[in-house]
Amino acid sequence: MIIGDNREKVIQNIKSAANKRDFTAKVEIGDPVMSLKQRLNLVNNFWNKQNNISGKFNNKIGKLMLSFFTQTLSSSTKFTGLKHLVNLPRGGAIVTSNHFDQLDALTINCLAKKMHRNLSIVIEDTNLMLPGFFKYLMNYIGTIPLVNSANYIGNDFFDHLHTALDQEKWALIYPEQEMWWNYRKPRKLQRGAYYFAAKQNVPIISIFVEIRNTEKIEKKNPNFYQTQYIVHVLPVIFPDVTLSLKANSEKMMQKDYQQKVKAY
């Protein structure tokens, strides 16, 4: 299923950014533009409404919808490497995956359900302002919004992430940062996810999702084939407590990137 207009223009933006080796460039068209103050107000309001009666009710509805979409839209998804999770100790973990679609988190949620885990999804703050239906989902499916503010990341964000991990949830963080629609190669990773894993002393569940064309053409977009996803579960990466926080996180990041490249 293709979501979003101007896919050809987005593809051109991706090509341009890739040629410049700018693998964290924003390539989507029409994303909200907000000041830091507006972003912080948006996220503060998000957290305030999570615990009121309306927020709790909507969270129940949102999670039911997430479960439904996971089952229906991920029905053709295949999984390899599940053996790497068989002996994973109970407790929280950070999941890292490539980011290539508005709904690619459904594949990770499907994996989490297979392993009887709950998933929290770290999202960019402006995703809370997506139009219509997606705005509702971003607000009520167990997301943890991230604001590019050192004070917010070091305090509120870390507290909410710690709470999720302490509840033995998996937290999905996209270390490639920006979504590059239908992009099939692993991109340069950013260190944030691995810093949090090192700081919290939790493992990295390393994932690479392969995008494979089918023989079917998209009905509403005849220029594109329908695709199928193959979720490659790679060896779990554990933090090395003998290293400094910086060295530990860099080591995990490099290991994860190597695994994703090898999987590709």
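Guide: This is a predicted model, in which local features need pLDDT of at least 70 and side-chain atom pairs count only at pLDDT 80 or more, while totals for chains, interfaces and linings use all residues. Residues are numbered from 1 along each chain as its sequence is written, and side-chain values use heavy atoms, with hydrogens and water left out.

The part to look at is an open sheet of seven strands, ordered S1-S7-S6-S2-S5-S3-S4, with mixed pairing. Strands (E, at least two residues) and helices (H or I, at least four) are DSSP runs numbered from the N terminus, and two strands pair if DSSP finds at least two bridges between them. Strand S1 (78–80) and strand S4 (143–146) are the edge strands, since each pairs on one side only. On average, and with direction ignored, neighbouring strands of this sheet are turned by 30° against each other; axes here are lines fitted to C-alpha atoms, for helices over the stretch in contact, and angles run from 0 to 180 degrees between N-to-C directions.

Within the sheet, strand S2 (residues 93–96) pairs in the parallel sense with strand S5 (residues 170–173) over four bridges, and Val-95 has Leu-172 in S5 as its bridge partner. S2 also pairs in the parallel sense with strand S6 (residues 204–217), here over three bridges, with Thr-96 standing opposite Ser-206. In a regular strand the side chains alternate between the two faces of the sheet. In S2, Ala-93 and Val-95 point one way, Ile-94 and Thr-96 point the other way, and all are buried, where buried means under 20% relative accessible area, exposed over 50%, and partly exposed in between, with a 1.4 Å probe and protein chains only.

Helix H8 (residues 245–263) lies across S2 and S6, and runs at about 25° to S6.

The structure holds twelve aromatic pairs, which are counted when rings of Phe, Tyr and Trp (its six-membered ring) have centres within 6.5 Å, planes under 30 degrees apart being stacked, over 60 edge-to-face and the rest tilted. Phe-46 and Trp-47 have ring centres 4.8 Å apart and planes at 75°, so the pair is edge-to-face. Phe-46 counts as buried because its relative accessibility is 1%, and Trp-47 is buried with a relative accessible area of 17%. Phe-133 and Phe-134 are also an edge-to-face pair, at 6.1 Å centre to centre with 70° between the planes, yet Phe-133 is partly exposed at 39% relative accessibility, as is Phe-134 with a relative accessible area of 23%.

Note on methods: Contact = heavy atoms within 4.5 Å.
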